Amino acid sequence: MTLLVKVVKIYLISEQFDKAGNQIDYKEVNKILWELQKQTREAKNKTVQLLWEWNNFSSDYVKASGIYPKAKDIFGYSSVHGQANKELRTKLALNSSNLSTTTMDVCKIFNTYKKEVWEGKRSVPSYKSDQPLDLHKDSIKLIYENNEFYVRLALLKKAEFAKYGFKDGFRFKMQVKDNSTKTILERCFDEVYKINASKLLYDQKKKKWKLNLSYSFDNKNISELDKEKILGVDVGVNCPLVASVFGDRDRFIIKGGEIEKFRKSVEARRRSMLEQTKYCGDGRIGHGRKKRTEPALNIGDKIARFRDTTNQKYSRALIEYAVKKGCGTIQMEKLTGITSKYDRFLKDWTYYDLQTKIENKAKEVGINVVYIAPKYTSQRCSKCGYIHKDNRPNQAKFRCLECDFESNADYNASQNIGIKNIDKIIEKDLKKQKSEVQVNENK
């Protein structure tokens with residue numbers, strides 16, 4: 001079995017209560033959390049200082065005695081990490097386990113780049129005030145109440161809770177906006193997934209705290225999937241996803257109707273709102289074009305959310321199909337975007353994001369993802385191998401000029417993409433066709 005480690009990002013809403021059961025204003029909670037950010041910075045920079053001093057001391061000690069000193073003989077601890085915890089524990093309000101996680105991470109980073117620092121290739125690490133708050137795995141407790149997920153975080157030492165009048169740890173409601181995130185939280189709650197050390201960050205743009213929840217699990221599907229069985233995935237304009245195993249008439253198809261419907265509603269809303277700017281109220285008069293068109297421009301956020309949610313849904317469905325078919329490999333064309341002269345909305349669609357989500361979900365179940373060059377797969381006949389641009393008379397249809405094979409164009413492309421080493425095969429097909437043309441011309 002292979003242990004896989006993943007991170008899910010979830011925005012939080014403060015629901016902090018005092019001992020009397022009254023909810024504490026989120027602004028007061030923010031003040032405390034921002035103070036803990038500063039203390040985290042102090043802890044990190046102090047640890048760096050101790051590490052730097054220890055390395056200088058060790059260097060001088062070796063020169064004088066010919067042997068390296070032992071931290072336990074000097075500090076009474078087996079490592080600088082232990083000494084840092086000792087010096088900082090009584091000084092800072094940070095939860096002791098979280099503090100230990102912070103200093104340990106700093107030590108790992110420092111030791112990784114220590115040689116480069118000594119050679120002058122890298123500066124000594126220095127940390128700013130807006131540090132993420134490190135969370136030990138035992139400092140995180142998931143709560144499920146009334147079909148909602150909450151999280152309680154132990155961020156302060158026990159003595160500090162009385163100071164602020166808290167009932168117990170920091171309680172937040174988790175903003176779960178898609179089924180993929182919900183499934184992950186359910187599995188963490190049921191202890192199917194193991195929660196690891198995580199991080200709490202403040203998003204300046206959204207003015208919200210965000211939990212980067214790290215979790216891990218044993219991948220049990222790896223041994224059950226055939227790495228030689230390839231699922232070819234065609235990403236396109238007419239259908240966002242079409243996938244098939246070479247030689248299999250069964251196929252996975254997601255049609256573009258959902259995207260097209262959303263596009264029409266967005267474009268109609270955009271036109272309506274831009275029209276309304278002519279008659280906007282006093283609040284937006286006299287502040288220039290940017291202020292007047294602000295509501296219309298905000299539609300961009302709605303589009304981004306739709307893209308993210310839709311790509312999550314499509315990628316999850318594709319992986320489920322791959323597992324059902326027993327495919328240990330997914331093969332896709334390496335694309336960063338789809339250009340359509342007919343549709344600007346589809347041109348701007350984040351196909352790279354879709355592929356990234358497919359790749360991430362594939363790793364979770366032990367499926368390899370292979371990328372191929374995106375040339376001629378849509379023009380090649382998956383039945384006889386003949387390549388010609390006129391094989392595809394329109395966006396949806398494929399008809400081979402050589403053998404008269406007819407098929408849905410995206411399905412035919414997915415069949416080609418599902419062939420191992422298709423790049424090399426296409427190269428040979430083209431050379432063969434070119435040679436045959438020259439022979440015919442010389443007759």
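A nonpolar core is a set of buried residues of the Ala, Val, Leu, Ile, Met, Phe, Trp, Tyr and Cys kinds, joined through side-chain atoms within 4.5 Å. Keep that in mind for the first close-up, and remember throughout that this is a predicted model.

**View 1. The largest nonpolar core, and another one apart from it.** The largest nonpolar core here has 41 residues. If you want a way in, start from the residues with the most contacts inside that core: Leu33, Val151, Leu155, Phe170 and Met174. Apart from this core lies another one, made of 25 residues, with Ile319, Ala322, Ala362 and Ile367 among them. As a bit of background, nonpolar side chains tend to be buried together in soluble globular proteins.

**View 2. Val151 and its contacts.** Which residues does Val151 contact, once its neighbours within four places in sequence are set aside? They are Leu12, Ile140, Lys141, Leu142, Phe170, Arg171, Phe172, Met174 and Leu211.

**View 3. Helices H3 and H4 packed against each other.** Here you see H3, which runs over residues 80–89, and H4, which covers residues 96–118. The crossing of the two helices is right-handed. On the H3 side, look for His81, Ala84, Asn85, Leu88 and Arg89; they meet Ser96, Leu99, Ser100, Thr103, Met104 and Cys107 of H4. Sort the residues of this contact by kind and you get five nonpolar, five polar and one charged.

**View 4. Asn391, sitting in a loop.** Is Asn391 buried or exposed? Its relative accessibility is 0%, so Asn391 counts as buried. Beyond its neighbours within four places in sequence, Asn391 is in contact with Gln379, Cys381, Tyr386, Lys397, Phe398, Arg399, Cys400 and Leu401. Asp404 is 13 residues away from Asn391 in sequence, and the C-alpha atoms of the pair are 9.3 Å apart.

**View 5. Leu430 in helix H14.** Helix H14 takes in residues 422–442, and Leu430 is part of it. With 29% relative accessibility, Leu430 counts as partly exposed. Not counting residues up to four places away in sequence, Leu430 touches Tyr376 and Ile387. Arg380 is 50 residues away from Leu430 along the chain, yet their C-alpha atoms are 9.9 Å apart in space.

How values were computed
Residues numbered from 1 in each chain as written. Predicted model: local features only at pLDDT ≥ 70, side-chain atom pairs only at ≥ 80, totals over all residues. Heavy atoms only, no water. Buried < 20%, exposed > 50% of the residue type's maximum accessible area, 1.4 Å probe, protein only. Contact = heavy atoms within 4.5 Å. Axes fitted to C-alpha atoms, helices over the stretch in contact; angles between N-to-C directions. Helix = DSSP H or I, 4+ residues; strand = E, 2+ residues; numbered from the N terminus. Left-handed = near helix turned anticlockwise from the far one by under 90°. Nonpolar A, V, L, I, M, F, W, Y, C, P; charged D, E, K, R; others polar.
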